[in-house]
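Q: Please take a close look at the salt bridges here and walk me through them one at a time. I would also like to see how they sit beside the other contacts that hold the picture together.

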Amino acid sequence: MGFDSFKRASPIIALQFFRVLSVSLMSSGSGSTLKCRVSQQKWNVSSLAQSSVIFPKFDKFSLVGVNGSFPLVHFFSTKTRLEKLLIYDSVMHEVQIPTTLESLLITRSHTRQLIIENTDKRYRYAMHTLVLVDNELSDLPRIDQLVHLKSFSIANNLLEKINLTEFGGLNELESVDLSSNRICEIVIEAVNLLSLHKLDLSQNKLKRLPQNLGQLESLETLVLHHNKLEYIEMSHLNGLTKVKVLDLRSNNLLIGSLAPVLLPALEILRLESCRLHQLDMHGIETPKLKKLHLEDNKLEYVEAFFEDVYQGAGMELFGDRNPWNCNWLQDKHPRVKFVVQQDRQTCRRFVKNVCCAGSDYATERKADRRLQVVQEQNRMIYKVLEDQQDKLRVTGGNCEIMGNRLSKIESTLGEIISLVKMMAVKIDAMK
């Protein structure tokens with residue numbers, strides 16, 4: 001695109017340096033370095049010819065208040081090396097990026113499409129950081145070509161479904177932030193993200209944990225707070241042997257497990273404000289748990305907590321604003337420390353410095369919650385069986401088709417054999 005076309009597309013463009021820049025020029029005589037200090041500048045390039053725009057050498061550049069699609073590839077291809085580009089407070093529905101760029105941030109720019117198309121196989125994208133926050137993206141950009149990408153954030157956009165296979169081949173990817181979208185479905189199939197340490201899915205519309213989470217073997221932090229989660233099948237977390245932080249707070253949760261669960265590296269489990277009436281940790285082993293956050297729930301006790309869950313040297317339990325059962329507190333593990341933060345004046349009774357109410361377990365209510373967990377588990381089992389039945393129907397249909405084809409082939413072979421016999425008889429008669 002020529003610069004005249006560029007001027008027509010973007011009548012007023014502010015190109016602004018964020019910080020004081022240094023330009024180093026080597027003198028030919030003494031070998032000394034001349035440093036020119038260039039203070040913060042704004043250039044209105046719409047009135048300049050392209051050939052007259054002379055840039056100093058810089059590594060960080062920003063576009064502010066751009067109105068229209070800006071031809072980044074063509075504009076920066078003839079300029080000195082650019083490593084970091086920031087675009088914000090603009091209207092740029094479409095952005096195409098150059099291969100040399102290492103870091104790109106686009107925010108509050110109404111961006112709907114990010115074009116990543118490199119047809120020249122001699123060059124690979126150098127980008128390691130991509131931030132696309134507060135835009136209007138409804139689909140993931142094709143980031144599979146960004147083979148050096150380490151950090152990716154597409155928070156606060158319009159995404160509804162994510163298929164992590166689209167991240168395939170990004171072996172250096174360490175952090176993915178998909179928070180504050182409209183995501184209601186996550187698909188994880190045959191994903192091999194060897195370096196992914198953090199996945200943020202908070203503030204979305206997920207109702208279930210995505211299956212095959214255990215494929216994300218390198219994950220250390222999983223953030224799922226402020227979703228629509230109703231039931232957590234803990235066995236879906238098996239395989240996350242390195243996860244240290246699991247954040248499930250602010251969901252309306254039931255928690256259960258159809259199989260034994262082992263989270264050998266888990267240190268922080270956050271379940272605040274989950275409307276928990278019952279929490280059964282039987283069969284869920286977290287031997288390195290250091291902090292358990294249970295604030296703002298309806299818990300009287302935690303089942304099987306001391307027997308199976310806690311085996312470490314010391315753990316802090318944050319349990320404010322729960323109606324803890326006094327009898328349960330009497331048997332509290334000696335190495336579990338309740339962290340008390342609430343106003344002590346509002347409490348009438350304490351056991352081991354923890355506010356508690358009553359001595360009898362509310363068995364009927366707990367049984368009701370257990371029934372809900374069992375119902376959720378039955379729904380899951382039914383769905384799995386239904387999926388398997390559908391697959392069998394498809395397989396059976398395929399088998400029926402193959403059977404019909406084989407029958408036709410057999411019939412055709414029979415006709416051919418009959419013809420061969422007739423030909424043999426005619427040949428014998430001719431002799």
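A: A search of the whole structure finds nine salt bridges, each being a side-chain nitrogen of Lys or Arg within 4 Å of a carboxyl oxygen of Asp or Glu. Before the details, please keep in mind that this is a predicted model, where local features need pLDDT of at least 70, side-chain atom pairs count only at pLDDT 80 or more, and totals for chains, interfaces and linings use all residues. Residues are numbered from 1 along each chain as its sequence is written, and side-chain values use heavy atoms, with hydrogens and water left out.

Let's start with D89 and R108, whose side chains meet in a salt bridge at 2.7 Å, N to O. D89 sits in the loop between β6 and β7 (94-96), while R108 belongs to the loop between β8 and β9 (113-115), so this pair links distant parts of the chain, 19 residues apart (helices, H or I with at least four residues, and strands, E with at least two, are DSSP runs numbered from the N terminus). D89 is partly exposed at a relative accessible area of 40%, and R108 is partly exposed too, at 42%. Here buried means under 20% relative accessible area, exposed over 50% and partly exposed in between, using a 1.4 Å probe and protein chains only.

Next come K161 and E185, with their closest N and O atoms 4.0 Å apart. This bridge runs between two strands, K161 being in β12 (residues 161-163) and E185 in β14 (residues 185-187), 24 residues apart. K161 counts as exposed at 52% relative accessibility, whereas E185 counts as partly exposed at 37%.

Another of the bridges joins E230 to R208, the closest N and O atoms being 3.6 Å apart. Because E230 lies in the loop between β16 (221-223) and β17 (231-233) and R208 in the loop between β15 (198-200) and β16, the pair ties together parts that are 22 residues apart in sequence. E230 is partly exposed, at 35%, and R208 is partly exposed, at 34%.

For a covalent counterpart, turn to C326 and C356, joined by a disulfide with an S to S distance of 2.0 Å; the term covers a pair of cysteine sulfur atoms within 2.5 Å. The torsion about their S-S bond is about 95°, so the disulfide is right-handed. C326 lies in helix α4 and C356 in the loop between β27 (354-355) and α5 (363-430), so the link ties together parts that are 30 residues apart in sequence. Both C326 and C356 are buried.

Beyond its neighbours within four places in sequence, F152 is in contact (heavy atoms within 4.5 Å) with residues including L130, F167 and D177.

Finally, a word on confidence: the mean pLDDT, the predictor's confidence in each residue from 0 to 100, is 76 for the chain, with 68% of its residues reaching 70 or more. Over residues 1-56, pLDDT stays under 50.
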